[in-house]
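Hi everyone, thanks for coming. Let's walk through a structure together and look at where its residues sit.

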Amino acid sequence: MAHDSDHTLPTFSAVIVAAGKGLRAGGEVPKQFRPWQGKPLIRHSVEALLAQGAQFVCVVIPLGGEVMAREALAGLDRVVLAPGGKTRQDSVMHGLLTLAGPDIERVLIHDAARPELPREVTARLLHALDHAPGAIPVLPVVDSLAIAAEGLMAGHAPREQLRRVQTPQAFRFEDIISAHESWKGPRDAGDDAQVLRAAGHDVALVEGDERLKKFTFKEDFVDQQASALPPVRTG
Ligand code: CTP
Ligand code: MG
């Protein structure tokens with residue numbers, strides 16, 4: 001059956017990493033627990049994954065953040081918590097080990113800082129796992145790229161071959177766990193696709209989505225619609 005007309009997704013679970021400090025966004029409360037569109041940022045992606053059929057969602061939370069996390073996720077079933085690590089990669093590993101069990105075959109690994117998760121991206125990722133052990137959503141680079149050095153342009157990078165990488169990233173569970181275990185470098189890999197690839201596996205690229213944008217700065221919380229100026233009358 002063609003996947004486009006297939007409304008059932010393969011069985012999956014998810015890890016959402018929410019144990020960062022959100023330093024670039026500033027503020028008293030880490031960005032993933034700050035409200036956006038009526039609920040804490042983290043709750044958006046957890047609800048989306050549950051609605052899309054995730055068996056379990058493991059949310060990796062900061063040390064000492066348990067009360068805040070339980071409040072943010074109150075009333076949601078099939079959610080488990082895990083303690084965060086020093087780096088994102090450590091936090092991912094804690095989440096994967098918490099989920100580990102004989103019937104976990106496919107896992108999505110996602111940033112709490114990306115609240116919107118379109119179902120069609122989840123579908124593209126999970127179906128890609130039929131053909132590859134890992135799959136990631138990417139978007140083209142549209143601007144030209146400069147290499148910066150001390151306020152001057154020191155060169156340029158060709159954008160045609162480059163892609164912007166988003167999360168969630170999808171993996172066959174056994175492959176991503178063993179890839180993290182065999183990782184030799186400092187435990188600060190930017191994402192899990194790098195870890196899978198370093199272990200010699202293929203990572204499939206699927207089409208990403210601008211809605212998966214990562215909240216990074218304070219300004220990202222401003223609701224564009226609510227803050228838009230009224231139209232100017234000209235007549
Ligand atoms: N993250 C995590 N554990 C860490 C570091 C990051 O779980 N030790 C999570 C963050 O909570 C976030 C995701 O990884 O959901 C992506 O990281 P990023 O956007 O860089 O968030 P922060 O590291 O919290 O922000 P900053 O880099 O501005 O401090
Ligand atoms: Mg960070």
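Let's start on helix 5, residues 173–182, where Ile176, Ala179 and His180 are buried. Keep in mind as we go that this is a predicted model. Why do these three end up on the same side of helix 5? They cover an arc of only 95° around the axis, and that puts them on the same side. As a general rule, an α-helix has 3.6 residues a turn, so residues three or four places apart point the same way. On the other side of helix 5, you'll find Glu181 and Ser182, and those are exposed.

What do the buried residues of helix 5 pack against? Their partners are helix 3 (88–99), strand 6 (106–111), strand 7 (134–140), strand 11 (169–172) and helix 6 (192–198).

Now have a look at helix 4, residues 119–128. Its buried residues are Val121, Thr122, Leu125, Leu126 and Ala128. If you look down the axis of helix 4, these fall within an arc of 160°, so they line one face of the helix. The cover over them includes strand 6, strand 7, strand 11 and strand 12 (203–207).

On to some strands. Strand 4 (residues 57–61) and strand 5 (residues 79–83) run parallel, joined by five bridges. To get from strand 4 to strand 5, the chain passes through helix 2 (residues 66–72), making a right-handed β-α-β crossover. If you'd like one pair to find on screen, Cys58 has Val80 in strand 5 as its bridge partner.

Next, a few backbone details. Which bond joins Thr167 and Pro168? It is a cis peptide bond, with omega about 10°. You can find Pro168 in the loop between strand 10 (163–165) and strand 11.

Gln37 is not a glycine, yet it has a positive phi of about 50°. It lies in the loop between strand 2 (35–36) and strand 3 (39–40). Is Gln37 buried or exposed? With 12 other C-beta atoms within 10 Å, Gln37 is exposed. Arg78 isn't a glycine either, and its phi is positive too, at about 60°. Arg78 sits in the loop between helix 2 and strand 5. It has 13 other C-beta atoms within 10 Å, so Arg78 counts as partly exposed.

Last stop: the ligand. Of the 22 residues around ligand 1, the ones that come nearest are Val17, Ala19, Gly20, Leu23 and Arg24. How does that shell divide by type? There are eight nonpolar, eight polar and six charged residues around ligand 1.

Methods
Residues are numbered from 1 along each chain as its sequence is written. Chains are lettered from A and ligands numbered from 1 in the order in which they are written. This is a predicted model: local features need pLDDT of at least 70, side-chain atom pairs count only at pLDDT 80 or more; totals for chains, interfaces and linings use all residues. A residue is near a molecule or strand if its C-beta atom, placed from the backbone, lies within 6 Å of it. Ala, Val, Leu, Ile, Met, Phe, Trp, Tyr, Cys and Pro count as nonpolar, Asp, Glu, Lys and Arg as charged, and the others, Gly among them, as polar. Two strands pair if DSSP finds at least two bridges between them. Helices (H or I, at least four residues) and strands (E, at least two) are DSSP runs, numbered from the N terminus. A crossover is right-handed if, with the strands pointing away from the viewer, the path from the first strand over the helix to the second runs clockwise. A residue is buried if 20 or more other C-beta atoms lie within 10 Å of its own, exposed if 12 or fewer, and partly exposed in between; C-beta atoms are placed from the backbone. The arc is that of the directions from the helix axis to the C-beta atoms. Two residues are in contact if their C-beta atoms, placed from the backbone, lie within 7 Å.
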